[in-house]
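Here's a protein model to explore together. Have a look at it first, then we'll walk through its parts.

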Amino acid sequence: MSTTREQPIFSTRAHVFQIDPATKRNWIPASKHALTVSYFYDATRNVYRIISVGGTKAIINSTITPNMTFTKTSQKFGQWADSRANTVYGLGFASEQHLSQFAEKFQEVKEAARLAREKSQDKTELTNPALNITSHQVLPSPIISSNGPGEDKLFRSQSADVEITTEKERLKKMLSEGSVSEVQWEAEFFSLQDNNNKLVAALHEANANVDQWKKQLAAYQEETETLRQRVAELESQGAHDSSSENNKEDLSQTLEELELLIKTKDEEIQMLKSQKCSRWEAEGEREETLQKLQELETRNAELERRLHLSEQTLAETLAEREKMQSEVTKVAEIMDVKIFELSEIRQGLAKLVESN
């Protein structure tokens with residue numbers, strides 16, 4: 001086909017079928033995938049053709065004539081018979097809109113072919129010298145004799161009419177017989193095609209979800225590992241806190257001893273004060289008692305200072321311990337949530353693997 005002589009005037013994509021020449025009932029797919037089907041116009045020969053090429057092979061090469069008819073057998077399937085190719089072509093479209101566009105273009109091209117044929121016949125009559133007859137000339141009618149040439153012409157005309165009628169009947173029979181099984185086959189074909197598209201889409205979505213879940217699982221595992229390290233650190237600090245707790249027990253015991261000692265010294269001070277009034281005459285003893293009293297008061301103040309420092313240290317230790325316990329509890333709750341999410345993700349992956 002020359003690109004300068006023939007130009008495409010309309011193109012679409014469809015699944016191409018041909019009627020089974022043996023059974024005249026079933027459709028045979030011409031290709032595994034949808035092909036480009038185009039209308040071409042040959043300006044040199046003034047003819048229209050439907051052409052579809054698969055690879056290097058012309059699957060459809062049908063010249064459109066005025067007596068052709070394109071029939072819609074379903075919402076997405078149409079067919080036409082080509083007596084020159086001695087076959088019936090079928091096209092399965094992706095949508096009803098594509099089928100309607102192809103059918104409308106078939107009618108336009110068919111009408112253009114009819115006009116082109118009439119125009120060609122008019123030119124033939126005008127250029128034929130035997131038909132250049134003026135309006136006042138009358139041609140004699142041919143006499144058909146029983147044994148002359150006229151009888152032979154009549155016989156050939158009747159044979160041609162019978163052959164055309166037989167060909168039309170045969171094509172109509174092919175169409176009627178092929179339509180029954182074609183509708184069932186075409187419905188099953190498009191149903192399987194839709195199911196296949198849905199399965200492919202679901203598979204792509206499942207693969208994307210699996211990849212996302214894997215990334216999320218890796219992030220959770222990394223975060224869980226970080227939490228485990230944090231827990232280990234807190235546990236080591238907790239072990240350190242246990243030694244601090246022993247120190248606190250020692251401090252508490254020392255505080256109790258100091259309080260008891262302070263109480264004893266207070267009693268001694270009170271006793272000395274009570275004895276001081278009865279011993280005014282003993283100045284030496286009085287001076288000694290006052291000195292002891294001052295020493296006791298100084299020691300009492302020192303003991304009170306140590307007691308205050310011990311209480312402050314104990315309070316700070318208890319506050320730090322409570323803070324560490326709160327942090328350990330928070331980390332444990334976060335780990336419980338992450339472990340629960342990991343279990344749900346693993347269950348989802350297991351279900352997905354089972355469904356695939």
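Let's start with a pair of charged side chains: E111 and R114 meet in a salt bridge, 2.2 Å from N to O. By that we mean a side-chain nitrogen of Lys or Arg within 4 Å of a carboxyl oxygen of Asp or Glu. Both E111 and R114 sit in helix α1, 3 residues apart, which is about one turn of the helix. (Helices here are DSSP runs of H or I with at least four residues, strands are runs of E with at least two, and both are numbered from the N terminus.)

Before going further, keep in mind that this is a predicted model, where local features need pLDDT of at least 70 and side-chain atom pairs count only at pLDDT 80 or more, while totals for chains, interfaces and linings use all residues. Residues are numbered from 1 along each chain as its sequence is written, and side-chain values use heavy atoms, leaving out hydrogens and water.

**Salt bridges**

R114 also meets E118 in a salt bridge, at 2.6 Å from N to O. Why are R114 and E118 about one helical turn apart? Because they are 4 residues apart in helix α1.

In total, the structure holds 9 salt bridges.

How open to the outside are these residues? We call a residue buried under 20% relative accessible area, exposed over 50%, and partly exposed in between, using a 1.4 Å probe and protein chains only. Here are the values for the residues just named.

| Residue | Relative accessible area | Class |
|---|---|---|
| E111 | 35% | partly exposed |
| R114 | 29% | partly exposed |
| E118 | 35% | partly exposed |
| E233 | 41% | partly exposed |
| R230 | 27% | partly exposed |

**The overall layout**

Now zoom out. The protein chain has 3 helices and 8 strands. Reading from the N terminus, the order is β-β-β-β-β-β-β-β-α-α-α. Of the 356 residues in the chain, 26% are buried.

**The nonpolar core**

Which residues touch the most other members of the largest nonpolar core? They are Y39, I50, I60, W80, L91 and F102, out of 23 residues in that core. A nonpolar core, in this sense, is a set of buried Ala, Val, Leu, Ile, Met, Phe, Trp, Tyr and Cys residues joined through side-chain atoms within 4.5 Å. The elements giving two or more residues to this core are β1 (6-19), β3 (35-42), β4 (47-54), β5 (57-63), β8 (87-92) and α1 (96-127). Helix α1 provides the largest share, 6 residues.

Is A103 buried or exposed? With a relative accessible area of 10%, A103 is buried. A103 and F70 are 33 residues apart in sequence, yet their C-alpha atoms are 6.6 Å apart in space.

Another residue of helix α1 is A112, which is partly exposed at 22% relative accessible area. Between A112 and Y48 there are 8.3 Å from C-alpha to C-alpha, while in sequence they are 64 residues apart.

**Two loop residues with positive phi**

In the loop between β3 and β4 you'll find N46. N46 is not a glycine, but its phi is positive, at about 60°. N46 is partly exposed, with 30% relative accessible area.

N86 lies in the loop between β7 (77-82) and β8. Its phi is near 55°, again a positive value in a residue other than glycine. N86 counts as partly exposed, at 41% relative accessibility.

**A negative patch**

Finally, look at the surface, where E256, E257, E259 and E311 gather in a patch of negative charge. Patches are made of residues with over 30% relative accessible area and no salt bridge, with like charges joined within 9 Å and nonpolar side chains (Val, Leu, Ile, Met, Phe, Trp, Tyr) within 5 Å. For counting charge, Asp and Glu are negative, Lys and Arg are positive, and His and the chain ends are left out. Helix α2 (residues 149-277) gives the largest share of the patch, 3 residues. E259 lies in this helix, and at 41% relative accessibility E259 counts as partly exposed.

Conventions. Areas by Shrake-Rupley, 256 points an atom, 1.4 Å probe, with all protein chains shown as cover. Charge placed at Lys NZ, Arg CZ, Asp CG, Glu CD.
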